[in-house]
Amino acid sequence: MTLLISSNATVCQSLNFRQLVHPDRGEWPRQIFRFNGRKPIATSCLNVDVQAPESSGKIAVVRESKEVMEAEGRFIVGTYARVPVVLASGKGCKLYDVEGREYLDCSSGIAVNALGHCDPDWVKAVVDQANVLTHVSNVYYSIPQVELAKHLVACSFADRVFFTNSGTEANEAAIKFARKYQRYSNPNDAEPATEFISFSNSFHGRTMGALALTSKEQYRSPFEPLMPGVTFLEYGNINATRELIQRGKTAAVFVEPIQGEGGIYSATKEFLEFLRSVCDDAGALLVFDEVQCGLGRTGYLWAHEAYGVFPDIMTLAKPLAGGLPIGAVLVTERVASAINYGDHGSTFAGGSLVCNAALTVLEKILKPAFLVSVSKKGQYFKEILNQRLGGNSHVKEIRGQGLLIGIELDVPASPLVDACRNAGLLVLTAGKGNIVRLVPPLIITEQELDAAAEILQNSMSVLDENDSK
Ligand SMILES: Cc1ncc(COP(=O)(O)O)c(C=O)c1O
């Protein structure tokens with residue numbers, strides 16, 4: 001393995017080298033840590049000081065992490081209550097912090113790294129494309145974007161695709177498309193339908209339109225007034241919904257077939273069928289937000305396939321480019337026909353580099369054998385979690401589909417999440433903070449799932465400790 005240093009200001013690194021910036025010195029990094037999937041190895045080269053830090057394997061935060069965390073606290077706007085881990089490299093389902101501690105990743109960068117970390121085909125797609133063309137904007141045509149759209153259309157209900165850079169942007173575009181569709185298809189209406197229906201426990205993003213469709217009060221209230229005209233109904237409640245989806249009023253209904261952030265709640269077939277039929281009756285569009293549950297996570301390519309109900313619009317993001325920022329809005333021809341040049345756009349969206357990465361991700365995930373493996377592993381994970389945790393008095397339910405799994409507790413989940421992390425397992429919370437969310441890379445092995453379940457089981461006692469305080 002070679003480390004190339006061309007000057008003080010430029011560091012070229014091979015895949016296993018990671019660098020730390022010293023922002024307070026305002027210069028490029030002087031320290032480079034080498035990871036072999038284990039403890040950093042001491043080495044030195046030219047003007048680079050490399051250290052082999054202590055790796056206690058416990059919660060102690062040694063100097064290097066501390067430096068990064070302190071710098072983050074000084075230089076980055078404080079929107080994230082981060083956990084005290086500075087991650088430096090990854091391979092497969094394993095992540096390594098700057099002190100070289102290994103973590104089994106059941107968070108996947110919040111359901112993003114479907115192929116795990118540094119998948120060789122993904123790396124090749126990125127490197128090959130970076131060597132040719134990264135970005136040209138949407139002023140011009142580019143091949144990876146058109147290819148990706150073609151592939152997404154070929155494997156979905158959709159006829160056309162609009163690219164964005166994130167999930168919230170995909171929903172933002174869907175909001176605009178729905179409003180435009182209503183104007184376009186009802187030209188004689190003095191006031192076309194402009195309102196939206198969303199549901200309890202929904203999460204659709206943080207920009208002003210998507211935020212207006214997101215139910216969590218604490219995300220919304222500091223920024224009000226949000227986009228007007230959104231009615232929230234109870235997720236799954238057919239009777240409450242029936243009267244409120246109205247012709248001439250409701251532009252679209254936004255729903256996650258399986259709610260991720262909100263707590264791993266699955267819609268019933270009956271509920272989605274009902275939404276489809278009332279939307280059709282009322283001339284409203286049905287939008288499935290599959291930003292988190294789509295693209296293989298449930299063992300189906302699209303979560304809605306399990307229900308046999310199809311939307312007019314589907315939004316995607318997280319795993320599509322395997323960790324590079326992307327979003328996509330998939331639409332039927334009927335919706336697309338309402339959209340004209342200039343109605344929406346983005347400088348970065350659909351860039352060549354990102355789309356080439358996404359082509360590799362999509363090609364791998366949509367293979368039937370891959371999807372079957374996700375289903376089987378999801379089933380297996382739920383079974384072993386039930387065996388190991390089912391009898392614990394704090395566990396109310398273990399639910400989910402494929403590798404989108406929630407463990408609902410009767411107490412806050414964060415002590416358990418912290419204890420798991422200290423034992424080398426990364427998991428997330430969801431819902432009102434009482435749900436452990438497990439969204440491992442889709443390539444995880446049964447052996448790794450066993451290891452995750454064992455750590456979870458061994459960490460459960462922390463919930464009792466908290467009881468007695
Ligand atoms: C269902 C759903 N929609 C939208 C979003 C927003 O995506 P992003 O964070 O990429 O803007 C998320 C993010 O968690 C999500 O889970």
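The model is predicted, so local features need pLDDT of at least 70 and side-chain atom pairs count only at pLDDT 80 or more, while totals for chains, interfaces and linings use all residues. Residues are numbered from 1 along each chain as its sequence is written.

**Overall make-up**
- The chain has 15 helices and 21 strands, which are DSSP runs numbered from the N terminus (helices: H or I, at least four residues; strands: E, at least two).
- Of the 469 residues, 45% count as buried, meaning that 20 or more other C-beta atoms, placed from the backbone, lie within 10 Å of the residue's own.

**The sheet**
- Strand S14 (residues 285-289) pairs with strand S15 (residues 313-316) in the parallel sense over 3 bridges, and Val287 has Ile313 in S15 as its bridge partner.

**Around the ligand**
- The ligand is surrounded by 15 residues, the closest being Ser166, Gly167, Thr168, Val291 and Gln292; a residue is near a molecule if its C-beta atom, placed from the backbone, lies within 6 Å of it.
- Helix H5 gives the largest share of this shell, 3 residues.

Methods
Buried ≥ 20, exposed ≤ 12 C-beta atoms within 10 Å, placed from the backbone. Pairing = 2+ DSSP bridges.
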